[in-house]
Amino acid sequence: LMAAFPAWGLGSSAHRAREESWLKSLFVRKVDPRKDAHSNLLAKRETSSLYKLQFHNVKPECLEAYNKLCQEVLPKIHEEKHYPCALVGTWNTWYGEQDQAVHLWRYEGGYPALNEVMSKLRQNKEFIEFRKERGNMLLSRKNQLLLEFSFWNEPVPRDGPNIYELRSYQLRPGTMIEWGNYWARAIRFRQDSNEAVGGFFSQIGQLYMVHHLWAYKDLQTREDIRNAAWHKPGWDELVYYTVPLIQEMESRIMIPLKISPLQ
């Protein structure tokens with residue numbers, strides 16, 4: 001009888017192992033192996049542009065002075081031919097996080113262009129003074145480096161007046177490809193009124209972040225355009241499948257500064 005106990009223990013262990021394996025098969029999703037990075041699968045291949053998105057939280061009493069300083073200095077960087085970068089847009093947040101400035105830059109040539117611009121700016125005395133003065137006006141700041149989705153139109157200057165909405169999505173890790181597949185179809189539902197400005201996903205900074213930038217004449221136009229999408233066959237299905245991919249989301253309504261190419 002005693003000799004039977006080890007065999008019973010082995011059988012029991014094997015049974016538990018099979019049971020655990022079966023349970024895991026229920027809850028662990030199988031993932032197809034991929035041979036390329038997400039950035040290569042989702043980003044535009046015909047361009048090598050890199051984008052930088054900056055969020056500056058300004059001391060409330062300094063916002064007017066901050067805007068004036070930016071409007072004096074940022075166009076000089078934008079217009080300098082020796083800097084391979086361009087100011088895409090610059091805004092103040094109207095609804096959302098208050099007393100906040102948002103800047104979007106494009107670096108034409110990717111990371112080498114970014115490094116070249118940063119290196120040159122470190123030698124630019126006016127920019128060094130600008131950063132010191134700006135620093136005294138800020139409560140906090142953060143940035144992200146982004147690539148643009150291949151299926152979105154590239155952000156180009158536009159006339160105003162417009163308000164802009166930056167919708168930011170924190171995706172669940174591992175879902176970026178699914179998001180891209182769904183939105184490659186969904187973007188077709190949002191082109192009728194020329195409201196789509198640009199779509200981006202993060203490479204450095206807060207990861208698995210997606211940003212969609214939209215332009216509207218005013219808040220009522222925004223409401224009308226968004227409601228109209230629900231009357232188009234297929235839009236509701238795409239929303240249904242993308243919502244579970246999101247951990248958090250945020251909307252900012254922004255007003256462009258006078259120097260912004262996106263007006």
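Buried residues, those under 20% relative accessible area with a 1.4 Å probe and protein chains only, make up 44% of the 263 residues in the protein chain. This is a predicted model: local features need pLDDT of at least 70, side-chain atom pairs count only at pLDDT 80 or more, and totals for chains, interfaces and linings use all residues. Residues are numbered from 1 along each chain as its sequence is written, and side-chain values use heavy atoms, without hydrogens or water.

**Fold**
- Of the contacts (heavy atoms within 4.5 Å) between residues at least 6 apart in sequence, 83% join residues at least 24 apart.

**Helix α8**
- Trp235, Leu238 and Thr242 are buried in α8 (residues 235-242).
- Seen down the axis of α8, these buried residues fall within an arc of 65° (taken from the directions from the helix axis to the C-beta atoms), so they line one face of the helix.
- The buried residues of α8 pack against α6 (176-186), α7 (219-229) and β8 (246-256).

**Cavity**
- The structure holds one cavity of 30 Å³ or more. A cavity is a set of points on a 1 Å grid over the protein atoms alone where a 1.4 Å probe fits but cannot get out; lining residues have an atom within 4 Å of a point.
- Among the residues lining the largest cavity are Trp91, Phe200, His211 and Met254.
- β3 (100-108) and β7 (209-216) each supply at least two residues of this lining.

Conventions:
1 Å grid on protein atoms, 1.4 Å probe; cavity = no way out; pocket = protein on both sides within 12 Å on 5 of 7 lines; lining within 4 Å. Points joined across faces, edges and corners; volume = space filled by probe spheres on them. Helix = DSSP H or I, 4+ residues; strand = E, 2+ residues; numbered from the N terminus. Buried < 20%, exposed > 50% of the residue type's maximum accessible area, 1.4 Å probe, protein only.
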